Amino acid sequence: MTMERKYKVAVVGATGAVGTELLRLLEERNFPLKELRLFASDRSKGKQLSFKGRDLPVESLEGARFEGVEIALFSAGAARSLEFAPKATAAGAIVIDNSSAYRNDPDVPLVVPEINSDAIQGYLKKGIIANPNCTTAVMLMGLYPLHRKARVRRMIVTSFQAASGAGAAAMEELRQQSERVLRGEEAEPKIFPHPIAFNLIPHIDQFLETGYTQEEMKLLWETRKILGDPEIEVNATTVRVPVFRAHSVSVHAEFEKKITVAEARALLLKAPGVRLWDDPSKKEYPMPILASDREECYVGRIRQDLFNPKALNLWVVGDQLLKGAALNAVQIAEKLIEGYLQ
Ligand SMILES: NC(=O)c1ccc[n+]([C@@H]2O[C@H](COP(=O)([O-])OP(=O)(O)OC[C@H]3O[C@@H](n4cnc5c(N)ncnc54)[C@H](OP(=O)(O)O)[C@@H]3O)[C@@H](O)[C@H]2O)c1
């Protein structure tokens, strides 16, 4: 009988929207844990979080030492990752980072396990593996099966991003603002630049000189890195919408080769982590309320371009707290263990 090796794991940002999902997934998937340490800001010091029926203390990240930690899952924002991920790797941990801090670093792999799990071995360079931007991960889950067959060359993308994409406090802002507006009171924006209740905000992350936002550019930069093709073109418009959970993406994709709707559907039916949900006659198409709390990314509304036989339009929806963050990170950790750490 072989004894399964177990690992000492740290979750940094354990009290946040992504951290909460990380804990739930580590428990649900019976991750091989020897010990679990939880970190957050000073504000959370002394809090206890429940894990497998036990209360675990939250430690302050300030002054944290990572001795003995083998895998550190970071979800406390880019500034914390830049400061503390090197401390964790210096102590011998492999960091899987949910923030944008290392995604464009050529010495850090950017991984969606269903697409480029071989890239994981790049962790050997810096001890860090980056998790993609949530919208990029959801979009590529729907696109990759088609890309493998017909090679995507150019995309025009519009995202409809849930409030929880900006964290737990942003989700609360949507809830409180909605209640205020329904009471006839004014909605006060704190996290978002404008009221989010009963509104759409075509502005996520900072504006760059080109007029695009950083979030829109992530869809280009990260698509190129994950698919390993520096020539793919992506023009994106990213929009915050008053939805609690799950991002939706409208994609117009032009391919090198002709691809039909029937071919696309057949490919998506077999794709791991993807659920084809595309029967307009039964009013079946992906929606955030369908994809929330679900691990699969849903794809539907697949249509041939009216003028170009090499182009398709599709609609992809996925729970960005899961495939766009926590689930993808845990899947990377599982692949890392399976392929490199046993
Ligand atoms: N939300 C998403 O859908 C999503 C998707 C992909 C990637 N991400 C990335 O994942 C990261 C976390 O996002 P989130 O949505 O979970 O945000 P969140 O709900 O705001 O949670 C942030 C977490 O970071 C901790 N934190 C904040 N400041 C800290 C500090 N100075 N020192 C130590 N810990 C600190 C918070 O601890 P306290 O509770 O103590 O303040 C909390 O645990 C971000 O980098 C984000 O870009 C998020």
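The model is predicted. In their contact, 19 residues come from domain 1 and 16 residues from domain 2.

**Where the domains meet**

The size of an interface is often given as the accessible area lost when the parts come together. Here domain 1 and domain 2 bury about 1,500 Å² between them, and 59% of it is on carbon and sulfur atoms. On the side of domain 1, the residues that lose the most area to domain 2 are Leu110, Glu114 and Ile115, which together account for 37% of what that side buries.

Charged and polar groups also take part. Between domain 1 and domain 2 there are 3 salt bridges and 7 residue pairs in polar contact. Three helices, H1 (17-28), H3 (113-116) and H10 (322-341), each supply at least two residues of the side of domain 1 that touches domain 2. H1 gives the most to that side, with 4 residues.

In soluble globular proteins, nonpolar side chains tend to be buried together. The largest nonpolar core in this model has 57 residues, and Met155 and Val251 have the most contacts inside it. Helix H5 (residues 134-150) provides the largest share of this core, 8 residues. The core draws at least three residues from each of domain 1 and domain 2.

Which residues does Val251 touch, not counting residues up to four places away in sequence? They are Met139, Leu143, Met155, Ile156, Val157, Leu312, Asn313, Leu314 and Val316.

**Salt bridges**

Side chains of opposite charge can pair when their charged atoms come close. The structure holds 30 salt bridges. Some of them are listed here.

| Glu21 | Arg24 | 2.7 Å |

Glu21 and Arg24 both belong to helix H1, where they are 3 residues apart, so about one helical turn separates them. Glu21 is buried, with a relative accessible area of 7%, whereas Arg24 is partly exposed at 32%.

Why does the pair of Asp229 and Arg151 tie together parts that are 78 residues apart in sequence? Asp229 lies in the loop between helix H7 (214-227) and strand S9 (233-240), while Arg151 lies in the loop between H5 and strand S8 (152-161). Asp229 counts as buried, at 7% relative accessibility, and Arg151 counts as partly exposed, at 33%.

The pair of Glu256 and Arg151 links parts of the chain 105 residues apart, with Glu256 in the loop between strand S10 (247-255) and helix H8 (261-270). Glu256 counts as partly exposed, at 36% relative accessibility. Elsewhere, salt bridges that share partners join Glu21, Arg24, Glu28, Arg245, Asp293 and Asp319 into one network.

Terms used
Residues numbered from 1 in each chain as written. Predicted model: local features only at pLDDT ≥ 70, side-chain atom pairs only at ≥ 80, totals over all residues. Heavy atoms only, no water. Core = buried A, V, L, I, M, F, W, Y, C linked by side-chain atoms within 4.5 Å. Buried < 20%, exposed > 50% of the residue type's maximum accessible area, 1.4 Å probe, protein only. Domains from an automatic or database assignment. Contact = heavy atoms within 4.5 Å. Buried area = accessible area lost by both parts, 1.4 Å probe. Salt bridge = Lys/Arg side-chain N within 4 Å of Asp/Glu carboxyl O. Polar contact = N/O pair within 3.5 Å; in protein donor to acceptor, adjacent residues only side chain to side chain.
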